[in-house]
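Q: I'm new to reading protein structures and would like a close look at just one part of this one. Could you walk me through it slowly?

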There are 2 protein chains.
Amino acid sequence: VPTSPHGPRGHQQRASRDTGSHPPASRVDQARARATNLALVARTVFAADPPPTRADVAAATSMTRSTVSRLVDDLVDGAVVAELEPVAKVGPGRPGTPLVPHAGAFAALGLQVNVGYLAVVVVDLAGGIRTRRLVTDDLRGSGPAVVLERLATEAAAAVADLPPGLEIVGAGLALPGIVTTATGMLLRAPNLGWSDVDVPSLFDTARIGVPVSVGNEADLASRTVSLVSPGHPGALRDFIYVSGETGIGGAVVIDGLPLPGRHGWAGEIGHVTVDPSGPACSCGSTGCLEQYAGKRALLTAAGLDADASTTALAERVRSGDDRATRAVDRAAWALGWAVGGAINIVDVPVVVLGGHLREIASLLRPRLEATLRERVISAGWVPPTIETAGADPTPGAVGAAYRELERVIADPARWIDARPGTSG
Amino acid sequence: VPTSPHGPRGHQQRASRDTGSHPPASRVDQARARATNLALVARTVFAADPPPTRADVAAATSMTRSTVSRLVDDLVDGAVVAELEPVAKVGPGRPGTPLVPHAGAFAALGLQVNVGYLAVVVVDLAGGIRTRRLVTDDLRGSGPAVVLERLATEAAAAVADLPPGLEIVGAGLALPGIVTTATGMLLRAPNLGWSDVDVPSLFDTARIGVPVSVGNEADLASRTVSLVSPGHPGALRDFIYVSGETGIGGAVVIDGLPLPGRHGWAGEIGHVTVDPSGPACSCGSTGCLEQYAGKRALLTAAGLDADASTTALAERVRSGDDRATRAVDRAAWALGWAVGGAINIVDVPVVVLGGHLREIASLLRPRLEATLRERVISAGWVPPTIETAGADPTPGAVGAAYRELERVIADPARWIDARPGTSG
C-alpha cells in the first residue's frame with residue numbers, strides 16, 4: 001500500500017502522485033515527504049508549552065488542519081505522541097485535544113562511568129526517569145574492561161526490569177574524558193587513569209540489545225540544562241556548563257548544542273592552567289583548574305577528608321573555619337579565572353554550575369562573580385551571570401539518554417513504521 | 001523582457017514558465033532561480049584552482065553545459081568573471097576557455113584604525129590590492145571623531161584616485177576592539193582608549209559613497225588566512241588567529257569563519273589572564289596576555305624602546321642579550337599558556353601568528369610549542385601546530401575589503417543587473 005503524502009504543499013505532491021510514469025521515484029518522494037512532515041509535527045508537539053492541539057500545530061507549521069490531523073493520528077498510533085482529555089476552549093468552537101509526548105512506548109538507556117560511580121538510567125520519551133541504578137565506587141586507577149563489564153551487567157539488569165511494551169531505542173554512555181564519538185574511542189580520562197580505550201570492543205552490547213554511542217560527560221550533561229525534556233528546549237540555550245566532580249569537565253553550549261571543535265574534544269575547561277607553579281595534575285600539566293575546584297582537591301584543601309560531603313564543607317565555611325573558607329575562596333577565584341578566560345574567547349557570558357559546584361554555588365558566587373567582572377573584557381556591557389544545573393545526580397547518563405531519544409523525535413517515521421500493529 | 005530561468009532542473013522551470021495563470025509569482029521564481037544559479041557558478045569559478053572551463057563548472061555543479069554557458073556569459077558580461085585565452089587540452093576535444101575572477105570592475109574599500117596607524121586599501125574582486133594608504137601615528141588616547149574624520153579623508157582620496165570603471169561595492173572598517181557589527185558600535189578598544197563609539201555617526205559615508213560596516217580587526221584579518229583571495233578558500237580553515245600589535249586580538253576560526261559567540265565579541269585572547277599578580281592592563285584587569293606578548297610590552301621588557309622594530313629585538317636575542325631573551329621567552333610562555341587554554345576550550349589545535357608575532361615566530365616557536373604540548377590535554381593525540389600569517393602590513397583592512405567583496409560573489413545577480421549595458 002503506497003503511503004499518502006502529507007505535505008505542506010499538498011497540491012504539488014498530489015500533482016506528483018498523478019504522474020504515473022515514475023512510480024518508484026514518486027513513492028520514495030512521498031515517503032520522504034511524509035517522514036519530513038512527521039518530524040516537523042513531532043518537533044512542534046515536543047517543543048510546545050502548554051500542550052498544543054492539532055489546530056495549534058497547524059498554525060505553527062503552516063500545514064492544513066486535515067494534513068496535520070492525519071500526521072498526528074500516525075504519531076498517536078505509533079506511540080510517539082499521546083492525547084490528553086479534551087479541554088473546553090474559552091470562546092466558541094469545539095474543544096481541542098492537547099497533545100503531549102508519549103511516555104509509554106520508547107525509552108533510551110543512559111550510562112555513565114564517573115570517577116566515583118557507575119550509573120544506568122532508563123529515560124522515556126517524555127523525559128521520565130523510569131529506572132536509576134547507581135553504584136558508588138572509587139574507580140581511580142580501575143581497569144576499563146572490568147568497569148565496562150560491570151556497567152553492562154547493570155544495564156542488562158535495568159533492561160530486564162523494564163515494564164512490557166517499553167522499547168529501548170538506543171544507549172548512550174557518558175565518560176569523564178576526551179572521546180571520539182564516531183569511533184567510540186576514549187582517548188584519555190586522566191582521573192580514571194584510562195587512555196586509548198576502545199569502548200565498542202569492551203562493552204558487550206549483546207547484553208542490552210542496542211548499540212552504545214559514547215560521549216563526553218559534560219557535553220551530555222549540558223543537554224539536561226538546554227532541554228527540559230527530550231525535544232523541549234529550556235530557557236538557557238547559550239552557556240558554559242561546568243561539571244564538577246573529582247575532575248572538572250565543561251561544554252560551551254551554543255544554541256542548545258555543545259560546541260564540538262575540530263575533533264569533538266572542546267570544553268576541557270578543567271585543564272585550563274590557573275597557576276603554572278601549582279600542583280601536578282593527572283593530565284600531566286600543572287596548576288589546572290581541577291586542582292583547585294575539583295571536589296577531592298577542594299575538600300582536601302579545606303582540611304576535610306577527600307570523600308567528605310559538600311554539606312560538611314558548607315558547614316565549616318558557615319562556622320567561620322579559616323582553612324575551609326580560604327579553600328572555597330581559592331576555588332571560586334580559580335573558576336572565575338578559567339571561566340573568565342573562556343568567556344573572553346567564546347563570548348558566552350552565562351556559566352552553569354553542575355555537580356558539586358552546584359551544591360556549593362552560593363558559597364562560590366560572590367568571589368566568582370567578582371572575578372568574572374574583573375577578568376571579562378565585555379563585563380561592563382554584559383555582566384556574566386551564574387546559574388546552577390538541576391539536582392539530578394547523574395546528569396551525564398540522563399543527557400546520554402536524551403541524545404538517543406532525540407533521534408526518535410528527529411525521525412519518528414523510522415520508529416513508528418517498524419512497530420507492530422501500526423498502519424505506517 | 002522576462003529573464004530566462006537557468007536552473008539545474010531546467011524542465012521543471014520550463015514547466016512553471018508554461019503556466020500562464022500566475023505570471024508575477026512565476027517571474028519572481030525565475031529571477032530567484034537565476035540568481036541562485038549565478039551565485040553557484042560564481043562560487044565555483046572563484047574557488048577553483050586551476051581556473052576552470054565551462055565544462056569543469058558544469059561537472060562541478062551538475063548543471064548542463066548549455067545552462068552553465070549562459071550563466072557564465074552573464075557573469076562575463078557583468079564583469080564578475082573573466083575569460084583567459086583558450087588553452088589546448090591534452091587529448092581530443094575543443095580547447096577550453098579558463099575562467100577567472102574579473103579584476104577590473106568591482107572593488108571594495110578596506111579601512112583600519114590600529115593603535116599605530118590608519119590604513120585604507122582598495123581591493124579588487126580578484127584580490128588585487130589596487131591602493132594602499134598607510135598613515136603611521138600613535139593613536140593611544142586619541143579622539144574617535146578626529147581619527148574617523150582623518151580616515152574618511154584618506155578613504156575619499158583613495159576613491160578619487162581609482163581608475164575609471166572600478167566600482168566600489170562597499171567599505172569595511174577593522175577596529176582593534178569589541179564591536180557590534182549590526183549597529184556599528186565600538187564598545188571598547190582599550191589601547192586606543194575608546195569606548196561606546198557610535199561609528200556610523202562619526203564616519204561621513206557621503207565622502208566615499210558607500211556604507212561602512214565595522215568589524216573586529218582580528219576577525220577580519222583572519223579572512224586573509226582562511227582565504228587566498230575573495231571566494232577562494234585557503235589550506236587552513238580551522239585555526240586560532242592571534243593578531244599582534246600593541247594589543248593582542250584573536251579569532252577562533254572554524255570552517256573558514258570566525259566564531260562570533262553570543263554578541264560577536266568572541267576571540268579576545270589578548271585579555272585572557274596569564275598572571276593575576278602581573279601588570280595592570282588597559283582593559284582594567286591585570287596580567288593579561290598582551291602585557292607579556294603585546295608589541296610595546298615585549299619591546300620594553302626586552303630593554304628596547306617601545307617603538308623599536310622586531311628586527312632590533314631579534315638581533316638582540318641572536319647576540320645573546322639576556323634581557324631580550326628572557327622577554328621573548330616569557331612572551332612565548334604566556335602565549336602558550338593563553339592559547340593552550342583556548343585550545344582546551346575550543347579544540348582547534350592550529351595557531352596562526354599575525355602582526356609582530358609573525359615577525360618573531362621563529363624566536364617564539366620552541367617555547368611556544370613546548371608550552372602547548374604541556375598544557376593542551378589532547379596534545380599527545382593531535383599536537384598543536386604553529387603557522388604564520390602572510391606578510392600583508394594591514395591584514396585587518398584587507399580582510400574587511402574581502403568581506404565586502406564576498407557579498408558580490410554570494411549574489412552576483414544583484415550587482416551585474418545594476419550595471420549599465422548588461423543584459424541582466
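Predicted model: local features only at pLDDT ≥ 70, side-chain atom pairs only at ≥ 80, totals over all residues.

Q: In the open sheet of three strands in chain A, what is the order of the strands, and is the pairing parallel or antiparallel?

A: The order runs β7-β8-β9 in chain A, and the pairing is antiparallel. Strands of a sheet pair through backbone hydrogen bonds, either parallel or antiparallel. Now look at the edges: that's where you'll find β7 (178–180) and β9 (194–198) of chain A. Each of those two has a single partner strand, so one side of each is left without a neighbour in the sheet. How are the strands angled? On average, neighbouring strands of this sheet are turned by 10° against each other, if you ignore direction.

Let's zoom in on one pair. Strand β8 of chain A covers residues 185–189, and four bridges link β8(A) to β9(A) in the antiparallel sense. To find your way around here, look for Arg188(A): facing it in β9(A) is Ser195(A).

One last step back, to the two chains.

How values were computed
Residues numbered from 1 in each chain as written. Chains lettered and ligands numbered in written order. Heavy atoms only, no water. Pairing = 2+ DSSP bridges. Axes fitted to C-alpha atoms, helices over the stretch in contact; angles between N-to-C directions.
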